[in-house]
Each structure stands twice: as structure tokens, then as C-alpha cells.
Amino acid sequence: MRMDVEAAVAGVRNGDKRALARTLSMIEDESAEGRTVLDRLYPFTGQAYKVGITGPPGSGKSTLTDLLCRLLRARGETVGILAVDPSSPFSGGAILGDRIRMQTLAGDPGVYMRSMASRGSLGGLAAATQQATEALDAFGCHWILIETVGVGQSEMEVVGVADTTLLVLVPESGDGVQIMKAGLMEAGEIYVINKYDREGGDRIEKEIHLLLGVLHERMPEGAWFPPIVPTVGIRDEGGEALLAAIERHRAFLTTDPERARGRREERARDALRTLLRARLLEQAWGHLRIEERFDQRLPEVVRREISPYRLVDSLLSEVWDRMERGAS
Ligand SMILES: Nc1nc2c(ncn2[C@@H]2O[C@H](COP(=O)(O)OP(=O)(O)OP(=O)(O)O)[C@@H](O)[C@H]2O)c(=O)[nH]1
Ligand SMILES: [Mg+2]
């Protein structure tokens, strides 16, 4: 085991894609080796810039990820791509399709691509994504693009790992009120209206602009005003403008030292909290066999012999008891 860890650390540092793949698998498996590798790699992280790409299914996230990747490669930058699917415990058809479509990129030594699915993991996909970006960072990727399908809470947590988040909408995403209701508005630092070749792009652009104006008024002085970038992903249109918007946001975050420091702190706090939460759940649920006890005692609740509130208290005290005993 020890050897595995050493080999993985050295391999990742030396740009060996096989070692990186092995490390990412360890992370997905939530293994102790994976954490040791990450611990050793940590001093070499902090260089990559992370961009989250989220939005409703089929809005063009993969198309734009691919486009951004090609533009970055043309500048000589290296790119890591994580395709994350919170909704499915398996790598879904869409991601698989993307993989085939993106094979042109896969042959490029400056690109590393990986899809990640939740596998029903309690530890949380956000934590696994966070860790995966750290491995890619230590591997030397200049940019990490994190594509996530969907727009729910877990997707937001996944893209929360990113420095800049793109919210990809399309003319069919509905009117402003629908977008508001879907909880989409607070999500992005950059709004992309993809499929601008279709009817209604200018309409949705105006509505989003108005909504952003209203939201911005409630923000503190000097807050970032999210730009709206129209794109036609399938025709490679708008990619440069999108990259320029990302660079502007990056500059916004990094040029003011005070803001940059605050941001780093916030990031570290988020990362720690995500990890801690994931580990707590994993330990309580997994190692301490709470699930077995849960199943054993469920019938008591069904028969109304005990209330769920009392049962939860009782299960938790069992967990703490066992943890204490395990620790001593
Ligand atoms: N008309 C039009 N079609 C586009 C555009 N961009 C992407 N598409 C098409 O829209 C479909 C979905 O694109 P993807 O990039 O796979 O979308 P996605 O958001 O990654 O999809 P999921 O990962 O399944 O949620 C594909 O058939 C694309 O060819 C665009 O600008 N205009
Ligand atoms: Mg996709």
C-alpha cells in the first residue's frame, strides 16, 4: 500500500496520466490511500484556475467545455476536464456520449479528461470533486473545467468548487420568472446564452439583464456584475468572448489583494467544511454500521412504538458511544 501511495504521488507530480487516473480512482473510492496521496500533493496545489460549467440538461455545457478547452490549448495552456453527474450513480449516457465526441481532445497530451458519478456515495460528490481538482492541480493543469449536469442543490455544491461558474442557458430556458423560480439566478458569475442561433436569444438576454440588475442592487458595494455572453457552441461562436469574460472575473478576484485574500479564506473554509461534513457522514454511516441499526429499528417507527425523533436521538448516541470507544 505504501508503495502505491509513493508511486501515485511521484507519478502525478511527473505528469504521468496513469498515476493520475489511479489517484482519481482512489479518491472516488474514498480510500485512505487516496487521502494520503492528496495530503502529499497538497503543497503543489493552488496553481490551477477552476471553471464550473452548469445549466439545464442539453443546454450545451459539453459543447462549450470542448470549445473553451480548444481555445485554451491554442494558447498553450493545459486543461483538466471533470464531467460530473450528480443525478446518476453510474456514468450516464450523456457523459459517455460526450466522451466519444470529445475523443479528439483525449488524444492531446495537454488535456486530461475524466467523468465522475456519485455511486450513491454519502461522502458527497462535492467533496470528491474538490479532491479531484486538487489532484489535477498538482498534476499541473493550468485550467480545470468542471461540467455538471443539472441545476439542483448538489450541482451547485459541485460547481461551488470552481473559481468562476458559468451558467449555461438557452432561449428555451423560459422567461425571467421561470429562471428565477428555478433558483438559477444566484448561481452564475457569468451567464451564457447558448444556442443563440435559435429564436428568442435576445429576449432571454434582456430579461436576465433586468433580473441581474435587480439582484445587483441588493448586493454590497463593488460586487461583481455577472456579464451575459451569447454563444453558438456548435459553430464555435462566442468562445473568445466567453474566455475574455472568465479572464475578467479572474482579474476581479485576484487583482485586489484584500478581495483575493478574502476569497482564498472563503475557499479554504468551504473546502474544509465540505470535507468535514463528508467524513463525518461517512464515518457515522459507514464504519459504525449505523445503517444496519437503522434498518433493524425501522419497524418500531412503522409500528409507532417509537417516534422518529426519539429513534434518531437514540441512534446518534449509539454512534457517539461507539466512536468514543473506537477512539480510546
Ligand atoms: N442549435 C444549437 N445547438 C447546439 C448549440 N450548442 C450545442 N448544441 C447542441 O445541443 C445538444 C446538447 O449539447 P451538449 O453540449 O451535449 O449539452 P450538455 O449541456 O452538455 O448536455 P448534458 O450534458 O446532457 O446536460 C447537442 O446536440 C449539441 O450539438 C448551439 O449553439 N446551437
Ligand atoms: Mg454534457
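User: Which residues in α4 meet residues in α11?

Analyst: This is a predicted model, in which local features need pLDDT of at least 70, side-chain atom pairs count only at pLDDT 80 or more, and totals for chains, interfaces and linings use all residues. Residues are numbered from 1 along each chain as its sequence is written, and chains are lettered from A and ligands numbered from 1 in the order in which they are written. Two residues are in contact if their C-beta atoms, placed from the backbone, lie within 7 Å. Helices (H or I, at least four residues) and strands (E, at least two) are DSSP runs, numbered from the N terminus. Here L67, L68 and L71 in α4 meet G239, E240, L242 and L243 in α11.

User: At what angle do helix α4 and helix α11 pack?

Analyst: Axes are lines fitted to C-alpha atoms, for helices over the stretch in contact, and angles run from 0 to 180 degrees between N-to-C directions. Helix α4 (residues 61–74) and helix α11 (residues 239–255) pack at about 80°, and 10 Å separates their axes. The two helices are therefore roughly perpendicular, a term for angles of 65 to 115 degrees; under 35 counts as roughly parallel, over 145 as roughly antiparallel, and the rest as oblique.

User: In what order do the strands of the open sheet lie?

Analyst: Two strands pair if DSSP finds at least two bridges between them. The 7 strands follow the order β3-β2-β4-β1-β5-β6-β7, with parallel pairing. Because β3 (111–117) and β7 (228–230) each have a single partner strand, they stand at the edges, and one side of each lacks a neighbour in the sheet. On average, neighbouring strands are turned by 20° against each other, direction ignored. Within the sheet, β1 (residues 49–54) and β5 (residues 164–169) are joined by 4 bridges, and T54 has L167 in β5 as its bridge partner.

User: Which residues touch the most other members of the largest nonpolar core?

Analyst: A nonpolar core is a set of buried Ala, Val, Leu, Ile, Met, Phe, Trp, Tyr and Cys residues joined through C-beta atoms within 7 Å. A residue is buried if 20 or more other C-beta atoms lie within 10 Å of its own, exposed if 12 or fewer, and partly exposed in between; C-beta atoms are placed from the backbone. Among the 67 residues of this core, A135, L145, I146 and V192 touch the most other members. Helix α7 (residues 125–139) gives the most, with 9 residues. Both domain 1 (1–44) and domain 2 (46–256) supply at least three residues, their bounds coming from an automatic or database domain assignment. Leaving out residues up to four places away in sequence, A135 touches V12, L20, T23, L24, I27, L38 and L41.

User: Is K195 buried or exposed, and what of R304?

Analyst: Most residues other than glycine have a negative phi. K195 has a positive phi near 60° and lies in the loop between β6 (190–193) and α10 (201–217). K195 is buried because 24 other C-beta atoms lie within 10 Å. R304 likewise has a positive phi near 60°, in the loop between α13 (290–302) and α14 (308–327). R304, however, is exposed, with 7 other C-beta atoms within 10 Å.
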